[in-house]
Amino acid sequence: MTLSHKEPYTAERQCECGAPFQTWVWTRPNDTEFDASQCCPECQRKRQEEETRERRLEELEKTKLAQREKWQEQVGITGILCGKTFDNFDSTLQQTAYDAVKGWTGTSMVLLSPGVYGIGKTHLACALANHLITTKETAYIRSTGSIVRPVCPCTFITERQLLSRIRQTYNHTEFEDQETEQQIYRALAKSPLLIIDDVGKVRPRDYSFLQGVYFDIVDERWVNEQQIILTTNLSLKELEEHIGGASADRLREMCSKAGFIVMKGQSHRRI
Ligand SMILES: Nc1ncnc2c1ncn2[C@@H]1O[C@H](COP(=O)(O)OP(=O)(O)O)[C@@H](O)[C@H]1O
Ligand SMILES: [Mg+2]
Ligand SMILES: [Zn+2]
């Protein structure tokens, strides 16, 4: 039997902030008393707000890390290309291209090195993509308090990968979760910057298919004012024949003259 269990009563206390406040005082079975509130309602509210803010910041930090990892997968760069940066590129060998790509101001570009391989086009394209996915803010808190997760700022894909991914959608299988051609275009269209590497590496059997793919992609980006970067060993004329006149027209408009960068010199692989 706990005789000491008395009814709670209210008492006035002084908060740390100096304000008086009322609290319920309870009595424990061993007859010691304790206050239900330790501070005034205003301080209580502030403490709760602070806790909520801290919890949200913790969640933001976790989200940022998770997003960074997700971006690293989504960007489409794998293997040794993950290590290509502006820092490990010898800028003196390709000063113009280096300056243009490193100082990228959100315009479309074409890196051309007609007939020359190993001159650093893929390296520079990956350096830009790697820079974007490691430096752009991966998450932030909106004024309403919710956490915003921006889409991966860049997609890197080779022409060969792009075409085979689209061709795969034509192989009808019983798997319903198989990607459709429209889903590929939609996913690419969402990417703020699309880099297609090695344009013209494969001579296509079917130009109308290839040029249709390019037109869908380039036209969509032109309409939505989103950027595209192409790298190629073709000459400008060959590039236009490869992607088709309609896409080439759009591309010229998107890149302006300064966006077509011809890289000359020796293959780095032979230096
Ligand atoms: N200026 C450079 N500084 C450092 N490494 C370079 C440079 N140019 C090319 N490379 C390296 O040489 C190899 C071939 O370059 P890559 O970018 O694949 O050439 P491309 O795409 O023009 O054919 C890669 O390993 C790349 O990192
Ligand atoms: Mg290359
Ligand atoms: Zn107080």
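Visitor: Which atom of lysine 84 lies 2.8 Å from an oxygen atom of ligand 1?
Guide: A polar side-chain atom of lysine 84. Polar contacts here are pairs of N or O atoms within 3.5 Å. This is a predicted model: local features need pLDDT of at least 70, side-chain atom pairs count only at pLDDT 80 or more, and totals for chains, interfaces and linings use all residues. Residues are numbered from 1 along each chain as its sequence is written, chains are lettered from A and ligands numbered from 1 in written order, and side-chain values use heavy atoms, without hydrogens and water.

Visitor: What does threonine 122 put 2.8 Å from a ligand 1 oxygen atom?
Guide: A polar side-chain atom. Isoleucine 119 instead uses a backbone N or O atom, 3.1 Å from an oxygen atom of ligand 1.

Visitor: How many residues surround ligand 1?
Guide: 14, and the closest are Asp90, Gly118, Lys121, Thr122 and His123. Each has a heavy atom within 4 Å of the ligand.

Visitor: Switching to helices. At what angle do α4 and α6 pack?
Guide: About 100 degrees, with axes 11 Å apart. That makes α4 roughly perpendicular to α6 (65 to 115 degrees). α4 covers residues 159–168 and α6 residues 207–223.

Visitor: Which α4 residues make the contact?
Guide: Glu159, Leu162, Leu163, Ile166 and Arg167, against Phe209, Leu210, Val213, Tyr214 and Ile217 of α6. Contact means heavy atoms within 4.5 Å. The residues divide into eight nonpolar, no polar and two charged.

Visitor: And at what angle do α1 and α3 cross?
Guide: Roughly 160 degrees, with axes coming within 9 Å. That makes α1 roughly antiparallel to α3 (over 145 degrees).

Terms used. Axes fitted to C-alpha atoms, helices over the stretch in contact; angles between N-to-C directions. Helix = DSSP H or I, 4+ residues; strand = E, 2+ residues; numbered from the N terminus. Parallel < 35°, antiparallel > 145°, perpendicular 65-115°, else oblique. Polar contact = N/O pair within 3.5 Å; in protein donor to acceptor, adjacent residues only side chain to side chain. Nonpolar A, V, L, I, M, F, W, Y, C, P; charged D, E, K, R; others polar.
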